[in-house]
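Colleague: I would like to learn how to read the features of this structure. Please go through them one at a time.

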Amino acid sequence: MMYHAYQATNDLLEPARIGARAMLKLRDAMGEAAGGDWGRRIFALADLTANTRVSHHRPPFGIDAVLVGNRLVDVREEVALSLPFGTLLHFAKDDAPPQPKMLVVAPLSGHFATLLAQTVAVLSRDHDVYVTDWANARDVPLSAGPFGFDDYVAYCMRFMEEIGPRAHMFAVCQPCVPALVATALLAQDRSPAQPKSLTLMGGPVDTRISPTVVNELAVQHSIDWFEANLISRVPFGHAGWGRRVYPGFLQLSAFMSMNMGRHFGQHRAYYQLLADGQDAEAKKIREFYDEYYAVLDLAAEFYLETVERVFQKAELADGKMYWRGRKVDCGAITRTALLTVEGERDDICAVGQTAAAHDLCTSLRPHLRRHHLQPGVGHYGLFSGRRWEKEVYPQVKNLVLATA
């Protein structure tokens, strides 16, 4: 009923949005006549009404070219491997020298992989980048079967095998645990696909360390409570009709509630900038929320197993993680250099939670271990913005160069 109520509310609001979009077309037709004080205010309100909405479609990455050395090189997106719940997306560059291959494991936590667009753009300067482009579960037919935590790990291993030997792995936030598990399993198998380096950024490797609000919410209720209150079925009209999912709009609501005042302030600022004719400044806010409001649904199995195994039981950190009945041993990792990165002000994954990976990789020699604590940034500042580009990224680049 929860998903149906959400869909019904969206349908009820759609006529207002259609009217607002019609007003914006009228503004464009009016030209300078729409530029008066009251005109700008009215059309600013219409813009806010038309464009402030949740979307379930992946936005474009928008990476057409990157600077490689001193040259601007064209980039094109290629599908390297397509599976029901995720695509291995390759950002290919024709006119570039050979570069280290890198798999970027994107979070599956309510947003599309395009949330890492700036991350990918920066990495693409010096690396041949592949990305896990996760599917919206509401668009995956029931015939594709379930998708749980172990399946996520299997996808990571399959993608690394597709990329080939001597590639690197880079994980942000939620996938830090499955990426570490996949690396351990590949090492246990002595697979040529085990990564040369593994970068873990702001991930919940051990949530028992300095628990955040997110961690505390995860342990306040039993897994049965989460299943009863947060899992819904995709309504009729979508390819995944009938599939049990954790709706992306719920995750978006949870994220927004953590900083509701800031989000309200940004929307007020957006309106005022449009009303004042400062369209270029308003565009920056609009682009952020176009991405932020693009949400995907998570398969119920994956969501519930992640809550229980990663956040409630901390199975990997506690030495009790099994993958399809097989014990996961991070001590088997001997050839993969490990970099952990944390943000001083991260209120989602606290300082120490990601660095805990070093305690698990007991066989790694000292020269294969690195940790970077980035001052002055929160969670998103680790992989986006000026400090990611100027201070965090050089740590990643140097690690890859050191393992070449």
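Colleague: Where is the place of Val104?
Modeller: Strands, like helices, are DSSP runs numbered from the N terminus, with at least two residues (E) for a strand and at least four (H or I) for a helix. Val104 sits in strand β5, residues 101–105. This is a predicted model, where local features need pLDDT of at least 70 and side-chain atom pairs count only at pLDDT 80 or more, while totals for chains, interfaces and linings use all residues. Residues are numbered from 1 along each chain as its sequence is written, and side-chain values use heavy atoms, with hydrogens and water left out.

Colleague: Is Val104 buried or exposed?
Modeller: Buried means under 20% relative accessible area, exposed means over 50%, and partly exposed is in between, with a 1.4 Å probe and protein chains only. Val104 has a relative accessible area of 0%, so it is buried.

Colleague: Which residues is Val104 in contact with, leaving aside its neighbours within four places in sequence?
Modeller: Contact means heavy atoms within 4.5 Å. With those neighbours left aside, Val104 touches Leu116, Leu123, Val129, Tyr130, Val131, Thr132 and Phe170.

Colleague: Which residues of α4 are buried?
Modeller: They are Phe149, Asp150, Tyr152, Val153, Ala154, Tyr155, Cys156, Met157, Phe159, Met160 and Ile163. Because eleven of the 15 residues of α4 are buried, the helix is largely enclosed by the rest of the structure. Just after α4, Gly164 takes a positive phi of about 110°. Arg166, in the loop between α4 and β7 (168–172), has a positive phi of about 65° although it is not a glycine.

Colleague: At what angle do α4 and α11 pack?
Modeller: Axes are lines fitted to C-alpha atoms, for helices over the stretch in contact, and angles run from 0 to 180 degrees between N-to-C directions. Angles under 35 degrees count as roughly parallel, over 145 as roughly antiparallel, 65 to 115 as roughly perpendicular and the rest as oblique. Helix α4 (residues 149–163) and helix α11 (residues 300–312) pack at about 95°, with axes 8 Å apart. The two are therefore roughly perpendicular to each other. Phe149, Asp150 and Tyr152 of α4 meet Phe302, Glu305, Thr306, Arg309 and Val310 of α11.

Colleague: How many of the 13 residues of α5 are buried?
Modeller: Twelve of the 13 are buried, so α5 is largely enclosed by the rest of the structure. Leu180 is one of these buried residues. As for length, the expected span of a helix is 1.5 Å times one less than its number of residues. For α5 that gives 18 Å, and its end C-alpha atoms are 18 Å apart, which agrees. Just after α5, Arg190 has a positive phi of about 55°.

Colleague: Which residues touch the most other members of the largest nonpolar core?
Modeller: In soluble globular proteins, nonpolar side chains tend to be buried together. A nonpolar core is a set of buried Ala, Val, Leu, Ile, Met, Phe, Trp, Tyr and Cys residues joined through side-chain atoms within 4.5 Å. The largest one here has 109 residues, and Leu180 and Leu200 touch the most other members. Beyond its neighbours within four places in sequence, Leu180 has contacts including Leu198, Leu200, Val205 and Leu316. A second, separate core of twelve residues includes Ala44, Ala282, Tyr289 and Tyr293.
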